[in-house]
Amino acid sequence: MTDRTDIPLDLGTDPDPPEDTYWDIRHREQDDLASGGHISLDRAGNELFYGLRLGALLTLIGDLNSTIAPLFVLDAGCGKGHFARALARCGHRVDAFDASREAIERARAAAGGPRYTEARLDTWRSPWPYDVVLCVDVLFHVLDDAEWAAGLRNLASLVRVTGRLIVTDEDVRVPRPRGDYIVHRPTAAYRAELEPLGLRHTEFRPYGFRENEVGFHVFTRTR
Ligand SMILES: C[S@@+](CC[C@H](N)C(=O)[O-])C[C@H]1O[C@@H](n2cnc3c(N)ncnc32)[C@H](O)[C@@H]1O
């Protein structure tokens with residue numbers, strides 16, 4: 001019998017990705033934590049930032065795990081693969097993708113279990129659904145509303161029934177732009193896209209890290 005992990009994952013590869021995006025440059029110039037973590041934190045601060053969020057993530061998804069039936073996890077917008085590798089170390093089977101070629105090359109070089117592909121939130125395709133689809137600190141960097149909605153809907157389509165989509169954003173009532181590369185969207189906007197697709201908002205867990213107001217929005221597929 002063919003194991004689904006034997007099937008090559010090249011279906012969502014973007015044939016013509018942009019060169020040297022903001023994220024390519026940031027992933028090339030910043031270290032493995034600052035490039036995907038918080039750019040204004042020092043190394044120790046980012047280690048704490050990643051550690052706290054990994055702990056929260058494992059609390060959120062760990063109860064679905066089993067040593068004989070690992071979870072199939074997708075890390076969408078994985079950056080250099082910090083969370084993807086950590087979840088693979090915990091026994092989960094992880095696919096991961098990012099729009100930045102630089103990030104994917106570095107994630108592949110670090111190896112550690114996950115399978116990496118270069119793709120965008122709205123272009124990734126998979127022949128199977130996932131138990132958990134994770135998208136950490138990506139969606140609020142997608143400034144175009146149509147692209148944001150298409151990416152979110154695509155991620156929702158990849159979650160199996162009773163599985164979870166975990167995305168991160170602030171828990172706000174009105175859009176909150178920050179600088180020129182972040183817009184925090186209202187929780188109601190996420191619900192408006194996801195509820196018609198059968199995903200119910202089941203939890204918001206704030207990062208609880210210093211002044212950061214972002215947290216994990218958990219959506220559970222009910223049908
Ligand atoms: C702040 S980093 C977070 C990386 C990773 N999730 C982490 O927490 O370490 C944002 C990432 O989103 C990726 N990204 C931005 N827009 C994207 C899109 N439309 N599709 C896929 N990845 C995207 C960037 O290339 C970058 O690696």
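## The loop of Asp137

Asp137 sits in the loop between strand 4 and helix 5. Helices (H or I, at least four residues) and strands (E, at least two) are DSSP runs, numbered from the N terminus. This is a predicted model: local features need pLDDT of at least 70, side-chain atom pairs count only at pLDDT 80 or more, and totals for chains, interfaces and linings use all residues. Residues are numbered from 1 along each chain as its sequence is written.

The phi of Asp137 is near 55°, a positive value in a residue other than glycine. Most residues other than glycine have a negative phi. Is Asp137 buried, partly exposed or exposed? It is partly exposed, with 19 other C-beta atoms within 10 Å. The cut-offs are these: a residue is buried if 20 or more other C-beta atoms lie within 10 Å of its own, exposed if 12 or fewer, and partly exposed in between, with C-beta atoms placed from the backbone.

Arg210 is not a glycine either, yet its phi is positive, about 50°. Arg210 lies in the loop between strand 8 and strand 9. It counts as exposed, because it has 12 C-beta neighbours inside 10 Å.

## The sheet

The chain has six helices and nine strands. Seven strands form an open sheet in the order 3-2-1-4-5-9-8, with mixed pairing. Strands pair if DSSP finds at least two bridges between them. The edge strands are strand 3 (115-118) and strand 8 (199-206), and each pairs on one side only.

Strand 2 (residues 93-98) runs parallel to strand 3, and four bridges join them. Ala96 stands opposite Tyr116 in strand 3. Helix 5 (residues 145-157) packs on the sheet. It touches strand 1 (72-76), strand 4 (130-135), strand 5 (159-170) and strand 8. Touching means contact: C-beta atoms, placed from the backbone, within 7 Å.

## The core

Of the 223 residues of the chain, 38% count as buried. The largest nonpolar core has 49 residues. A nonpolar core is a set of buried Ala, Val, Leu, Ile, Met, Phe, Trp, Tyr and Cys residues joined through C-beta atoms within 7 Å. Val73 is among the members that touch the most others.

Conventions. Contact = placed C-beta atoms within 7 Å. Axes fitted to C-alpha atoms, helices over the stretch in contact; angles between N-to-C directions.
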